[in-house]
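Subject: A structure for you to look at

Hello,

I am handing over the structure we talked about, and my notes on it follow below. Please have a look at it first, then read on.

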Amino acid sequence: MPTSPSSDYITRMSQVFARIAGWSFDHRWFVLAFCLAIGAGAMLMAAQARIDNSYESFFNPDDPAYVAYEKFREDFGSDEVAYVMYEAPEFEHGPWNLEVMRKVAHLTRALEDEVPFIYEVTSLTNAELIEGVDDGIEIRELWEEPPETQAALIDARGKFLNKPMYIDSLLSRDARYGAISIEMDLSSTDPLEMIRLDPEGGDGYENLYPQVSFHKIEEILARPEYAGLRFDHSGDVPLNSFYNMIIDQESGLPITSFFSVVFERESPSLPLISSMVIAVVMALFFRSVVGVLGPIVVVQLSILMAVVLIVLLDWRLDMMFGSVPNLLTAIGVAHSVHILSEFRALHAEMGDRRAALCRALYLVGPPCLLASLTTATGFLAMAVSPIKGLSHMAVYSSVGVLAAFVLSITLLMTFLSFGRNAPRRAADPQAQARAKGGLWMARALTAVGRFDIRHRRAILAGSLLVFAFSGWGIARLTVDSNWMEDFSDRVPLKAATSRIDEVMGGMANIVYLFDTGEPDGVKDPAVLREIERLQREAEKHDWLVKKTHSLVDILKDLNQAFHEGDPAYYRIPESRELVAQYLLMYESSGGDEAEEFVSGDYSRTNLELRLRITETSHTAKLVDSLDAYLAEKPLEHSSVSLTGIGALWLILLDYITASQIGGFTLAFGVIALMMIAIFRSLKIGLISMVPNLSPVFLTLGAMGWLGIPLDYSKVMIATVAIGIAVDDTIHMVSRYHHEFLRTGSYHEALLEAMRDVGRALFITSVALVLGFLVFALSLLDSEANFGYLLATTITAALVADFLLMPALVMTFHPFGPEGARAGEMEDAA
């Protein structure tokens, strides 16, 4: 009989797992109580987890881009806003109807008085109108002395339409739409004690910013006194609130969602529905309570362990966390199915529950451990990513993977220990077949094995074609992002944001920061002309740039006002002294909008480019074009740098590319080395990595052919694919190797492995594919796409392990030469 250098240590490992199973059986009440206590404590700690879906979740505090942005925020304040566009189609003159304007004035005051955490509310009724008077300028608001007649209001409309800085900001070019800008005083990532509405109300997301601000705005807009106004509400506040809701509802724990449904009558979350689907599949195959509840409990506790680590390390539940429940479900269900499937067959054969548990863990314990270690190591390799949320996820997902393994070999063992011993059925082949999933499954798996034996060359040739086609698709894969595409068309917020973007022109932005290096440097007309020059150059890209804002606009408006509104003077003042005089009079007259564009010492100022919502790659092309312009015609009186949220998203694209390439390469290399070490054979290790690459190539290739870009929500897809694949491969190769050592025949060993491990792989794959397809119902298209991709990955991994891996083993004979019985099986095949 052939021998292998890895057989001795795997045998010793198997014996350890058999003893663990026996210990868990003998001390089942202790194990059960201990796990219950751990679970209760974990739920209490997990309740303290905070949600953060802002851009800060992607960047480390010492990241140069993030440091520059924080400096920008120190100078110019929080940039989080809520934006309400409105129209009045039932009224003559629309927003400029006198009754409508009264409603808007009332609405503006209500928002100012009632919305928590606001900094300023600006609408047509309280926006600054700069007008020249005999002794200088006057800054007034429309509703300080409300127009008494419709004609007077129409006259005011003309004045606003002559103010370029308000066009496509507070009113549309055709004056059919108006808008209210609600600037916030906080950021979503400010300390917890700052963002609580009620200091004693707890840390549920309904008591925290931005949710409390969003819900109050929505409640005010729905009041009957504003009937006749049609609102579209968007901006950072509603978008971040919606993301937080999705994380809370669609990426939460099914066990938590279950209690919400039962006691609070809320709608069930997608993880709960997914778990129910998986439970139904498990019930069909295993027909036992433990077979249904065991895997679900293991998965949920492993997710809890990951959340506990997040709390202990003072991290946040961010958008990267959204995929972790899916990943741990895949790992936890796989371990559980392998144990359940093996135990069920052995219990029917041996009759003794304890002996069956020991034997089951003897067989599947080592591959479960090795699969967990390789998967956890593969995820941990992503810790080198420059994306903060991804590097954090690499750590807590690895802990969750290991927790799922530990719970599978202890808690699941304890669940299986309860019950009566079964009558022995060793002499009843049909009973044995039923215990292994039924005669139909045994016949189907045997047929797959025989197909592999007969057609291994065709399988290898077909696999090569699939690899080539997938590689072609990967070459077409793009790294890009458009956050609007995250949302399903069923989400009203998406429609509202699209309408605002179309009408007012630009819900995204980038910011150029000008630094003169000296106090009052911004007051130099030469500096202002440089800002205007870049502003005009940016406006040439009107396919993307819909609006620009800077201190230059305010100074040109002041200059025009000082010259009786003559449009010829809508230009930068000629001298530094005149600029300083205008700004002094502006501030003394009560003007404060300039504060948004200039630092306190007037050494720095910003130029905001408002962009239409589109792929980040288009923004990158704009930035490249402006960089080329500045290189050709450099600034002489100031330095300029790119900042703002839009700039951070551009940097994130580079980080995604680096994470995908670097992280996957490291994960692949580490897993390959571990596979070689596991089997103590270079040949076995390398051959086993080929089927692990199949789902990666197929998934990324499908993304390329279908035009699905690689963005922040899919950055883990390659590592996830190889993590899922390696789990299946280790189980299949380990059993194939074990059966070869027993039979001495590659063909006979394959058929035995297919009938045993193949059964568990098939059940696991069916349960997970159906469970993950539930996420097609998500309100986030990004989550739905991730569910589709996971289902594709699992299917590809199963096909690779059922077809490609056996074909490779039978071709290259990595386990050694066949024994005397090999020829007999070949003839039978």
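The crossing of helices H10 and H11 is right-handed. Please keep in mind that this is a predicted model. In general, a pair of packed helices is described by the angle between the axes and by the distance between them. Here H10 covers residues 270–286 and H11 covers residues 289–312; their axes come within 8 Å and cross at roughly 145°.

Which residues meet there? On the H10 side you will find Ser275, Ile278, Ala279, Met282, Ala283 and Phe286, and on the H11 side Gly291, Val292, Pro295, Ile296 and Gln300. Sorted by class, this contact has 8 nonpolar residues, 3 polar ones and no charged ones.

**A patch on the surface**

Next, please turn to Trp23, Phe30, Phe34 and Ile38. These four residues form a nonpolar patch on the surface, and together they have about 430 Å² of accessible area. Helix H2 (residues 28–46) gives the largest share of the patch, with 3 residues. Phe30 is one of the residues located in H2.

**Salt bridges**

How many salt bridges are there? The count comes to 25. One of them joins the side chains of Lys159 and Glu131, with 3.0 Å from N to O. This pair links distant parts of the chain, as Lys159 lies in helix H5 (residues 150–161) and Glu131 in strand E3 (residues 129–133), 28 residues apart.

**Two spots in the backbone**

For background, most peptide bonds are trans, and most residues other than glycine have a negative phi.

Pro210 sits in the loop between helix H6 (192–195) and helix H7 (211–221).

You can find Asp314 in the loop that lies between H11 and helix H12 (324–350).

Happy viewing, and do write back with any questions.

Best wishes

Technical notes: Residues are numbered from 1 along each chain as its sequence is written. This is a predicted model: local features need pLDDT of at least 70, side-chain atom pairs count only at pLDDT 80 or more; totals for chains, interfaces and linings use all residues. Side-chain values use heavy atoms; hydrogens and water are left out. Axes are lines fitted to C-alpha atoms, for helices over the stretch in contact, and angles run from 0 to 180 degrees between N-to-C directions. Helices (H or I, at least four residues) and strands (E, at least two) are DSSP runs, numbered from the N terminus. A crossing is left-handed if the near helix is turned anticlockwise from the far one by less than a right angle, and right-handed if clockwise. Contact means heavy atoms within 4.5 Å. Ala, Val, Leu, Ile, Met, Phe, Trp, Tyr, Cys and Pro count as nonpolar, Asp, Glu, Lys and Arg as charged, and the others, Gly among them, as polar. Patches are made of residues with over 30% relative accessible area and no salt bridge: like charges are joined within 9 Å, nonpolar side chains (Val, Leu, Ile, Met, Phe, Trp, Tyr) within 5 Å. Accessible areas come from the Shrake-Rupley method with a 1.4 Å probe; for residues, only the protein chains shown count as cover.
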